[in-house]
Amino acid sequence: MGKLYSMKKALLIAEDEETTLSLLRDVFDRPDLVVHEARTGGEAIRIIDQNPVDVVLTDLKMPGPDGLAVLAHARKTHPDTEVILMTGHATVESAVNAMKMGAFHYITKPFSVDEVVQLVDRVLELTSVRKENTNLRTLVRGQGGLENIIGVSDPIKEVLSLVRKVADTNSTVLITGESGTGKELVARAVHYLSPRSYRMLVPINCSAIPAELLESELFGHVKGAFTGAHITRAGKFETAHNGTIFLDEIGEMSPHLQVKLLRVLQEKSVTPVGGNKPIPVDVRVIAATNKDLEEEVAEGRFRPDLYFRLNVIPIRIPPLRERKEDIPVLAAHFIERYDREKGRYLEGIRKDALEMLQRYPWPGNVRELENLVERIVVLKGHGWIETADLPEKIRRSEKFLKTAVPVLGESGLDIRAATSEFETALLRQALHIANGNKNRAATLLGLKRTTLVEMLKRKQIDEREPHPRSS
Ligand SMILES: Nc1ncnc2c1ncn2[C@@H]1O[C@H](COP(=O)(O)OP(=O)(O)OP(=O)(O)O)[C@@H](O)[C@H]1O
Ligand SMILES: [Mg+2]
């Protein structure tokens, strides 16, 4: 097969009425398409089984098996093939039925040529995105299941059991946890254990895309909707149809988009930017955030109605310092993995070094541990990890533990100033560990939130300071 040919997409038109068939034949006579024709449902099914077909455009009423039977067959045997149904006015009910059965879309006769071309192009774009995604997926080893989530602690076991329980439902899942705790890993496990795993998991990072662009990324846009919108583009929700969308860093979404997202979730349809026709979508939503959304709601930055709509099944992943039993197994797992990947022969970790790792608070959580192990595996290459191999930062925090109380010398000290310094250091540490989240920082110090806020104000500490000044 030549390269040019392999880039062509295949369209099957199943239609028993000669005039419609010949109209569609003319419309789709294009260099980028191979077009197959069927005049009965049985013929359509045979073509689907014997040829690669990207899109099926099928009439609902045909001799023999009807359009719904063609759809059911394609869904079952060729999950990557998308089906668009053409229906008469009187059969809106079957159209709704068709969407439930996994049709990409339906179109009501009589339709305009533009309408049908736009729809087919949208599917074609979707199928090429999906192919890229599949290629990537086979490259990245072990994307999916629970076996990638390592841990022996009770909280991690609880997370795993929740994932198993929610996977086969369509319920919205909200994953919370500090940065690097494994939110994306858990989101993937939910999708790949679900009946939707044969369709796409479409991730979108709400904080990585400028607010003005995010709307069209999510919901798509029509040609000419704004400067630069030269073609009609499907949004992530459409791409995720019958699959799962992963809305990462949902806490960063602008209030304006929060309203639109809520509407999409309630109405189960998206309206592209510049468009006026809602497109039905069947998408499971998994959202994640490292913010405390309840606090965001309390401070008026996140809509309560959207919060409740997303928080149907909350999965909280505790920070690594709250499940120190996981540190030895995680470290062993990463040593084995990077030994294999980098061609090194590290044996393991000495007891005292491991204990040091278990005392360290891990503000960057599992990701920080993974990066550290990778670095040591590469640089050391063989033997055992010793305390001397651990970075200054980790050894220094040890020293801090031991010398928290200053040594009182002959010259004496001002106890109030010393105590105040001590408080400041603890406040900064708590904020750092809590990622600036005041509720969590207060909990860490056994304070009420209001007390903490007051202390911060008095000491003029800015909770957004990126790093604590080391004491
Ligand atoms: N329980 C775990 N077992 C094995 N690997 C883990 C575990 N938790 C996290 N990791 C690894 O740590 C890294 C960070 O995980 P992930 O990207 O899922 O975190 P996150 O919570 O989404 O972080 P962020 O908030 O920064 O996006 C990944 O390389 C992931 O594979
Ligand atoms: Mg993440």
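**Two helices.** I looked up helix α14 (residues 326–342) and helix α16 (residues 365–380) in this predicted model: their axes come within 9 Å and cross at roughly 45°. That makes α14 oblique to α16, as angles under 35 degrees count as roughly parallel, over 145 as roughly antiparallel, 65 to 115 as roughly perpendicular and the rest as oblique. Axes are lines fitted to C-alpha atoms, for helices over the stretch in contact, with angles from 0 to 180 degrees between N-to-C directions. Helices are DSSP runs (H or I, at least four residues), numbered from the N terminus.

**Who meets whom.** I listed the contacts (C-beta atoms, placed from the backbone, within 7 Å). Among them, Ile-327, Leu-330 and Phe-334 are on the α14 side, and Val-366, Leu-369 and Val-373 are on the α16 side.

**Ligand 1.** I found 16 residues around ligand 1 (C-beta atom, placed from the backbone, within 6 Å of it). The closest are Ile-150, Gly-182, Lys-183, Glu-184 and Val-366. The elements giving two or more residues to this shell are α8 (183–192) and α16.

**Gln-118.** I found Gln-118 in helix α6 (residues 113–139). Gln-118 and Thr-232 are 114 residues apart in sequence, yet 7.5 Å apart in space, C-alpha to C-alpha.

Residues are numbered from 1 along each chain as its sequence is written, while chains are lettered from A and ligands numbered from 1 in the order in which they are written. In this predicted model, local features need pLDDT of at least 70 and side-chain atom pairs count only at pLDDT 80 or more, while totals for chains, interfaces and linings use all residues.

Technical notes: Two residues are in contact if their C-beta atoms, placed from the backbone, lie within 7 Å.
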